[in-house]
Amino acid sequence: MKQAGLFIVLEGIDGTGKSTQSRLLAAWFREQGREVVEGREPTDGPWGRQIRATAATGRLSPADELELFLKDRREHVEQLIAPALAAGKVVILDRYYFSTMAYQGSRGFDPAEIRARNEAFAPQPDLLIILDLDVDTALSRIGARGDTANEFEKRDALAKCREIFLSLQGEPFVHIVPTAAGPEEVQERIREIAEARGEAAA
Ligand code: TYD
């Protein structure tokens, strides 16, 4: 019998260790003989590259930025996410539309509206793991102290993003995982959550 696809998304503010955790989680599934596809957003496709290029220069209006993230995601869903899930693979993403809710939400858009626009075309994951960390620790992990004007702005924005991420708590597919402990313990917790989901689905 063909195995059903499994869709896991890792989210959280900058500095929470999403990319390390997604790499470790992918390795764990592969050890179990599962085929795994790893992705990240913004993607390395044309729209994602455009987003990364403008991130440095900050030339985009918030509205144009939001449209680019949506275009990038639409392409990601069509080209990678949907086909991999249909083929029964495990898909692990480092950021998805919950980042748009949080980051573009922190820039003034309504997170609920952003969510609705995304869920019109983007499948909801089976598991959303939100890696959580207080903003001070996150800032120090990304090499900022939060005391210059620019860093102060960053602190404010990250605090809003964190608040929006945490507002998702309570939905059945959402799990908040504190990351202050260290990467091994965090990975352990994520694997427990994935295992429980597997048992529930079996
Ligand atoms: P990040 O995962 O930090 O990429 P990298 O460290 O490899 O450059 O993502 C880049 C930034 O993009 C991050 O600050 C969050 C932001 N972002 C949004 O604002 N909206 C979105 O929808 C996504 C996916 C990311």
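Is Phe-7 buried or exposed? Select Phe-7: its relative accessibility is 1%, and therefore Phe-7 counts as buried. Here buried means under 20% relative accessible area, exposed means over 50%, and partly exposed lies in between, with a 1.4 Å probe and protein chains only.

The model on the screen is predicted: local features need pLDDT of at least 70, side-chain atom pairs count only at pLDDT 80 or more, and totals for chains, interfaces and linings use all residues. Residues are numbered from 1 along each chain as its sequence is written, and side-chain values use heavy atoms, with hydrogens and water left out.

**Stop 1**

Phe-7 belongs to strand E1 and Tyr-96 to the loop between strand E3 (90-94) and H4, so the pair ties together parts that are 89 residues apart in sequence. Helices (H or I, at least four residues) and strands (E, at least two) are DSSP runs, numbered from the N terminus. Rings of Phe, Tyr and Trp (its six-membered ring) pair if their centres lie within 6.5 Å; planes under 30 degrees apart count as stacked, over 60 as edge-to-face and the rest as tilted. By this rule there are seven aromatic pairs. Tyr-96 is buried, at 0% relative accessibility.

**Stop 2: Arg-95 and helix H4**

Move to Arg-95, in the loop between E3 and H4. Its phi is near 80°, a positive value in a residue other than glycine. Most residues other than glycine have a negative phi, and most peptide bonds are trans. Arg-95 counts as buried, at 12% relative accessibility.

Next, select helix H4 (97-106). Ten of the ten residues of H4 are buried, among them Tyr-97, Met-101 and Gln-104. Show E1, helix H3 (62-86), H5, E4 and H7 as well, for the buried residues of H4 pack against these elements. After H4 comes Gly-108, with a positive phi near 110°.

**Stop 3: helix H7**

Select residues 149-166, which make up helix H7. This helix has 18 residues and reaches 26 Å from its first C-alpha to its last, close to the expected 26 Å at 1.5 Å a residue. The expected span is 1.5 Å times one less than the number of residues.

Which residues of H7 are buried? Colour Glu-151, Leu-158, Cys-161, Ile-164 and Phe-165, which are the buried ones. They cover an arc of only 135° around the axis, which puts them on the same side of H7. The arc is that of the directions from the helix axis to the C-beta atoms. On the other side of H7, Ala-149, Phe-152, Glu-153 and Glu-163 are exposed. An α-helix has 3.6 residues a turn, so residues three or four places apart point the same way. The cover over the buried residues of H7 includes strand E1 (6-11), helix H5 (111-119) and strand E5 (174-178).

**Stop 4**

Go to Pro-42, in the loop between E2 and H2. A cis peptide bond, with omega about -5°, joins Glu-41 and Pro-42.

Then select Thr-43, in the loop between strand E2 (36-40) and helix H2 (46-57). Thr-43 is buried, with a relative accessible area of 9%. Its side chain makes a polar contact of 2.5 Å with the side chain of Asp-72, and the side chain of Thr-43 also reaches the backbone nitrogen of Gly-45 at 3.0 Å. A polar contact is a pair of N or O atoms within 3.5 Å; within protein, one must be able to donate a hydrogen and the other to accept it, and residues adjacent in sequence count only if both atoms are side-chain atoms. Leaving aside neighbours within four places in sequence, Thr-43 is in contact (heavy atoms within 4.5 Å) with residues including Gly-48, Arg-52 and His-76.

**Stop 4: charges over rings**

Select Lys-71 and Trp-47: the charged end of Lys-71 sits over the ring of Trp-47, 4.7 Å from its centre. A charge sits over a ring if NZ of Lys or CZ of Arg is within 6 Å of the ring centre and within 35 degrees of the ring normal. Finally, select Arg-74, which lies over the face of Phe-121, at 4.2 Å from the ring centre.
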